[in-house]
Amino acid sequence: MGMALVLLWLPIILAVGIGGRLLTRSTGYALGLLCALFWLLLLRVTLIAESWQQVDISLAIAAGALAIIAMGGWAGELSLAFKTSESKGGQADVHEGGWKDGSTNASVLQLANAIDRFDDWLSDDKLRDPWGGFDQFVRTVLFDCCAATRVKPYRLCNDGQELQPLHENDPNEEYGRIDARRGVVGHVVTTGRSYVKGLASSGELVDEIACENGEDIAWCFVAAKGNTRLGVITVGQLGIDPASSGPVLRAIERVVGQFWRTLVERIHCQEAVVTDPASGLLSREAFFHASENALKESYATGEPVAVAVFGLERLRELNDAGHWEVADDLVREVASVFQRKVRLEDCVGRYSNSRFIVLFRRVDSGLAALIASQILSRVEAVCANEARWKIAVQVRCGIVGSGNNTPGLNELVTGALQQCQRARTECVGLASDLDCVSVSGGVSA
């Protein structure tokens, strides 16, 4: 009889022990009570009535039931203790003032999540302001990883003499440009070594520099590519103890620096796709894409537009004669004229090997002809140095305006190309859809 009781009791108490580990102490006791009742019911069905009248069997049954209940409570209490220990050691403990000490594992976990988020953020093709978006991304990462507040990311500018905020164009931004060579920030940028307030590794002299300049900086580190400084990040307050979180801070510095370098490479790749390598202007495909958007915006507000095509005649002869470097120098100097004289709201690109194209916004054909004539005279001045360019380069320009209609971009470009050909045929410098205006009057060689 004793062996029969054990065989029935053993799987029940094992099930209670395992189930209790998934519950709390109170629910563990409840599970034990239910299983104890099941134990009694099971024995009531399997044992004969006379067995319940025996004292030793009754005591064994009662002891088994109490053991089942105790097992449920003990397993639930053990589970609660384990979960509490795990929460203290491995999960973020966040409160109003920041993170409590001992959250190293949480920082590492947040850093891993930041890497995943950066991949998603970087692949967002709709990102029109990469630096402004990156500014917010860095702030979020530093807050998630170490509860950092008053975060200010800067980029180097003016040959490394100044630091400008990533979100400088935001009128609501509370900080502006600062000197890249003064104070703690200047020390970090110049040396490349991070600064953490109060740490012996930062040095007493650096702390004195911070006090002298009145800088309220708890942490400052650079983002660099090799020996080239890309930017610097300052943090006003840290939510973790820097003395016990040195490895975490160094890991965050390196990951944020990698984010910065990746973004720079992405921007360079985008520029390589949309920029003509010789002139630095928009490639033809990029010009058409930008001009289509500009055209829609202009037509939506009822503004006229005009397209001008500038052609450099005999430029091909330089390439055919093997003077590629001379031809590239000429193209670069001509492109610099467009970069200086064309407004930022207009679109300018290199249409083909010897042609440049401009979309003027908010101008009609007459005004566009006046603007183009000024640009034409500057380009002619560049091309007039026959001794340098080895040949006499003639410049022609053709202009077409939208007038009172809303022609498509292809129609405008085709018309401007035809006017440019007309200027060449009639041996004039500039021709428009309104009239043919002689600017230089030179004859094509």
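This report walks through the fold, the aromatic pairs, the salt bridges and one surface patch of a predicted model.

**Overall picture**

The chain is built from 15 helices and 14 strands. Of its 445 residues, 42% count as buried. If we take the contacts between residues at least 6 apart in sequence, 64% of them join residues at least 24 apart. The accessible surface of the chain comes to about 23600 Å², and 55% of that belongs to carbon and sulfur atoms.

**Aromatic rings**

Let us turn to the rings. The model holds 13 aromatic pairs.

W219 and F221 make a tilted pair, because their planes stand at 35° with the ring centres 4.8 Å apart. Here, too, W219 and F221 are buried.

F134 and W260 also take part in one aromatic cluster, together with F118, W121, W131, F137 and F259. A ring can meet a charge as well: the charged end of R284 sits over the ring of Y351, at 5.1 Å from its centre.

**Salt bridges**

The count of salt bridges comes to 18. Three of them are set out here.

| Salt bridge | Distance, N to O |
|---|---|
| E162 and R177 | 3.3 Å |
| D346 and R343 | 2.8 Å |
| E426 and R422 | 3.3 Å |

E162 lies in strand β4 (residues 162–165), while R177 lies in the loop between β4 and β5 (178–179), so their bridge ties together parts 15 residues apart in sequence. E162 is partly exposed at 27% relative accessibility, and R177 is partly exposed at 39%.

**A nonpolar patch**

Finally, we come to the surface. L33, L34, L37 and L40 form a nonpolar patch there, with about 370 Å² of accessible area together. L33 lies in helix α2 (residues 25–46), and its relative accessible area of 44% makes it partly exposed.

Methods: Residues are numbered from 1 along each chain as its sequence is written. This is a predicted model: local features need pLDDT of at least 70, side-chain atom pairs count only at pLDDT 80 or more; totals for chains, interfaces and linings use all residues. Side-chain values use heavy atoms; hydrogens and water are left out. Rings of Phe, Tyr and Trp (its six-membered ring) pair if their centres lie within 6.5 Å; planes under 30 degrees apart count as stacked, over 60 as edge-to-face and the rest as tilted. Buried means under 20% relative accessible area, exposed over 50%, partly exposed in between (1.4 Å probe, protein chains only). A charge sits over a ring if NZ of Lys or CZ of Arg is within 6 Å of the ring centre and within 35 degrees of the ring normal. Patches are made of residues with over 30% relative accessible area and no salt bridge: like charges are joined within 9 Å, nonpolar side chains (Val, Leu, Ile, Met, Phe, Trp, Tyr) within 5 Å. Accessible areas come from the Shrake-Rupley method with a 1.4 Å probe; for residues, only the protein chains shown count as cover. A salt bridge is a side-chain nitrogen of Lys or Arg within 4 Å of a carboxyl oxygen of Asp or Glu. Helices (H or I, at least four residues) and strands (E, at least two) are DSSP runs, numbered from the N terminus. Contact means heavy atoms within 4.5 Å.
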